[in-house]
Amino acid sequence: MLEVLRSGQLSLGPRVKMFEEMFGANVGARWACAVASGTAGLHLAVRAVGVEAGDEVVTSPFSFVASANAVVYEGARPVFADIDPVTLNLDPRAAEAAVTERTKAVLPVHIFGYPADMVAFERLASARGLQIVEDACEALGARHVDGTAVGGRGNPAVFGFYANKQITTGEGGMVTLADEELKERIDSERNQGRARDMGWLDHDRLGFNYRLSDVACALGIAQLERLEEMLAARARVAGWYREALAEMSGLSPSSPSVPPLPAPSPSPSPSSLSTPSMLADADGLGLPCEDMNGNQRGWFVFVVQLPQGIDRDETVRRLAAQGVQSKPYLPAIHLMSYYRETYGHREGEFPVCEDVAARSLALPFFPEMSEAQVARVAEVLREAIGR
């Protein structure tokens, strides 16, 4: 960072390309575009795959609101479908049921760093002629069952570098992709629509101020150099949490976090995709799902689901009174005021998402956290919920 500051070239300099190349190599992507934020990356990726006004994009209601907002920015409509009760990712069957003749793309979210079922979504996209944009903002370090890193499958995939992410540039993001033409388009649109060979004030398309500075990229490069160390630290803290909270979940530390789900029927109806009966036992504390079938989580946050009947807001207050910060995480997007008022959403549309959102609680989680601090959080949480 000091070298950048001393160079006098704080933006549109060599560190941007260096960061892009390092990041792309890390996830196995041919191209990468550094942008001002994960939200900016989602917006540019949605534009790049051709989403326009009047189109529909099928996505998850259980996510940070930016994944839906990026669709709205282009005058398109985010069409929500319910989530898988184990992984909390968009359910491919529910997504398929939500596709209409106006659907342009599907936007799965790798929620809390757990890989979405991209094989199923790619199969759906191929069968229905749809585009894919992956929201990987929480999933740096995650890997699919075939060993491919999240972000390395060739679909436009977007990462975020906000302060709580696996690496941070303060604010910032990255779009990874396999298509050089899309790379050129995103590079242009992030810089007010100026193409590489154009003059300083010459622009040939609509663009935005979505650049990432060389100062931020220098910080990102330094973080990437320590990525494996930081990912391992997050995984270590998550392991301590599993052990400390196992008793409250009703499971041993080595047990799976949720019981196996019944096999789906050959042709599930939309209403059968997301019934409360499919959820894990709600009498115990719900823990993040274990890595399954060869998928590997890139740890972002540690979110638990409180048992049924426990007042989450009161739990947050009780934890705070003992010096432990926590947050409801995440609310259901379709029940936010804007989406209710604009699109007429209501309670009961996506039962799995709504149940998970109502009971989810993010606990303190950061790489430098000690085992003693994790034990303290577990102790205070046990007292707060009376278990």
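Reply: Let us begin with burial: a residue is buried at under 20% relative accessible area, exposed at over 50% and partly exposed in between, with a 1.4 Å probe and protein chains only. Helices (H or I, at least four residues) and strands (E, at least two) are DSSP runs, numbered from the N terminus. The model is predicted, so local features need pLDDT of at least 70 and side-chain atom pairs count only at pLDDT 80 or more, whereas totals for chains, interfaces and linings use all residues. Residues are numbered from 1 along each chain as its sequence is written, and side-chain values use heavy atoms, with hydrogens and water left out.

Me: How many residues of H3 are buried, and which are they?

Reply: Helix H3 spans residues 38–48 and is mostly covered, with 10 of its 11 residues buried. These are Gly38, Ala40, Gly41, Leu42, His43, Leu44, Ala45, Val46, Arg47 and Ala48. Just after H3, glycine 50 adopts a positive phi of about 95 degrees.

Me: At what angle do H3 and H7 pack?

Reply: Two packed helices are described by the angle between their axes and the distance between the axes. The axes are lines fitted to C-alpha atoms, for helices over the stretch in contact, and angles run from 0 to 180 degrees between N-to-C directions. H3 packs against helix H7 (residues 180–189) at about 130 degrees, and their axes are 10 Å apart. Angles under 35 degrees count as roughly parallel, over 145 as roughly antiparallel, 65 to 115 as roughly perpendicular and the rest as oblique. H3 and H7 are therefore oblique to each other.

Me: Which hand does the crossing of H9 and H13 have?

Reply: A crossing is left-handed if the near helix is turned anticlockwise from the far one by less than a right angle, and right-handed if clockwise. The crossing of H9 and H13 is right-handed, and H3 likewise passes H7 in a right-handed crossing. The axes of H9 (residues 227–249) and H13 (residues 371–385) cross at roughly 30 degrees and come within 9 Å. H9 and H13 are therefore roughly parallel to each other.

Me: How many bridges join S1 to S8?

Reply: Strands of a sheet pair through backbone hydrogen bonds, either parallel or antiparallel. Two strands count as paired if DSSP finds at least two bridges between them. S1 and S8 run antiparallel and are joined by five bridges; methionine 174 in S8 is the bridge partner of alanine 34. In strand S1 (residues 31–35), five of the five residues are buried. Trp31, Cys33 and Val35 lie on one side, with Ala32 and Ala34 on the other, and both faces are covered.

Me: In what order do the three strands of the open sheet stand?

Reply: The order is S9-S11-S10, with antiparallel pairing. Strands S9 (302–305) and S10 (327–328) are at the edges with a single partner strand each, so one side of each lacks a neighbour in the sheet. Two bridges link S10 to S11 (residues 360–363), and lysine 327 stands opposite alanine 362 in S11.

Me: How many aromatic pairs are there?

Reply: Rings of Phe, Tyr and Trp (its six-membered ring) pair if their centres lie within 6.5 Å; planes under 30 degrees apart are stacked, over 60 edge-to-face and the rest tilted. By this rule there are 16 aromatic pairs. One of them is the edge-to-face pair of phenylalanine 23 and phenylalanine 161, at 5.5 Å centre to centre and 65 degrees between the planes. Phenylalanine 23 lies in helix H2 (residues 14–27) and phenylalanine 161 in the loop between strands S7 (157–160) and S8 (173–177), so the pair ties together parts 138 residues apart in sequence. Both phenylalanine 23 and phenylalanine 161 are buried.

Me: Which residues do ring pairs link into a cluster?

Reply: The cluster holds Phe80, Tyr338, Tyr339, Tyr343 and Phe350.

Me: Where does leucine 88 lie, and is leucine 88 buried or exposed?

Reply: Leucine 88 lies in the loop between strand S3 (77–80) and helix H5 (92–98), and at 9% relative accessibility it counts as buried. Although not a glycine, leucine 88 has a positive phi of about 70 degrees. Asparagine 293, also not a glycine, has a positive phi of about 55 degrees. Asparagine 293 lies in the loop between H9 and S9 and, at 70% relative accessibility, counts as exposed.
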